[in-house]
Amino acid sequence: MKKALINDGLVIQVEKKAFPVAAPLTWMDCSNDCQSGWKIHEDIIVEYTPDEIIALEAEKAELVTQSITLCRDQKLFGGIFVNGINVQTDDLSQQRLMAARIIAKEDADYIVNWKSENGFVTLTSPMIVFLADAVRAHVQKCFDVEKIITERHATNPYLTVQGMKKAFETYFQNLSE
C-alpha cells in the first residue's frame, strides 16, 4: 500500500511513506497503481469518477459507432478482383461502370477499353454487365454488413474499434460464402 498526497480532492504525489505536510495538504492510503491526477470520490481514491467513466464509455461507444461507417467505406472503396481483373470500387469508378453497363445492355456489340489496376482490358458487353453487377453486389454487401454490425452494436456494444473491425470482417467473409 502507498500513500497519496491530496490537495483539494486530487492526488498530487504518490510516495511509499508519508512525510510531514502543511494544511490543506493531507495523506491517504492508496493502491500501488495510484498515480498523480487521480481523484477522491466518496472517500476513495479513483482514477476516474463514475461520471467520468460514463462519459469515457459514451465517447468510446461513439468512436466505435463512427468507425463502423469508416470500416464500411474502407471495404467498399478497396476494390474487388473479378475474373483476373482488379476493379476499382470508388464512387467515380462505380458511376463509370454503371454508365457503361447501361450502354452494354442496349448494345450487345458494345466494347470498351477499361483501365484496371493491372492495366487496360478490353471488355465486351457481357463482361461489362458482369463486372458492374459484381461491383454492385460488393457495394450492397458492404452496406448489409454495416447494418448487421450497427444493429449488433446497438444491442451488445463492441468495446473496441479493433473488435468491431474483426466482427465486420468476419460477417463480410461469411456473407461471401
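Reply: At 2% relative accessibility, Ser125 counts as buried, because the cut-off for burial is under 20%. The model in which this value was computed is a predicted one. Ser125 belongs to helix 3. Leaving aside residues up to four places away in sequence, Ser125 touches Ala104, Asp107, Ala108, Asp109 and Tyr110.

Two packed helices are described by the angle between their axes and the distance between the axes. For helix 3 (residues 125-155) and helix 4 (residues 161-176), the angle is about 130 degrees and the axes lie 9 Å apart. Helix 3 is therefore oblique to helix 4. The crossing in which helix 3 passes helix 4 is right-handed. On the side of helix 3, the contact is made by His138, Lys141, Cys142, Asp144, Val145, Glu146, Ile148, Ile149 and Arg152. Helix 4 contributes Met164, Ala167, Phe168, Tyr171, Phe172, Leu175 and Ser176.

A separate topic is the strand pairing. Strand 1 (residues 2-7) and strand 2 (residues 10-15) run antiparallel and are joined by five bridges. Within this pair, Ala4 stands opposite Val14 of strand 2. The hairpin formed by strand 1 and strand 2 has two residues between the strands, and Asp8 takes a positive phi near 55 degrees there.

How values were computed:
Residues numbered from 1 in each chain as written. Predicted model: local features only at pLDDT ≥ 70, side-chain atom pairs only at ≥ 80, totals over all residues. Heavy atoms only, no water. Axes fitted to C-alpha atoms, helices over the stretch in contact; angles between N-to-C directions. Helix = DSSP H or I, 4+ residues; strand = E, 2+ residues; numbered from the N terminus. Parallel < 35°, antiparallel > 145°, perpendicular 65-115°, else oblique. Left-handed = near helix turned anticlockwise from the far one by under 90°. Contact = heavy atoms within 4.5 Å. Buried < 20%, exposed > 50% of the residue type's maximum accessible area, 1.4 Å probe, protein only. Pairing = 2+ DSSP bridges.
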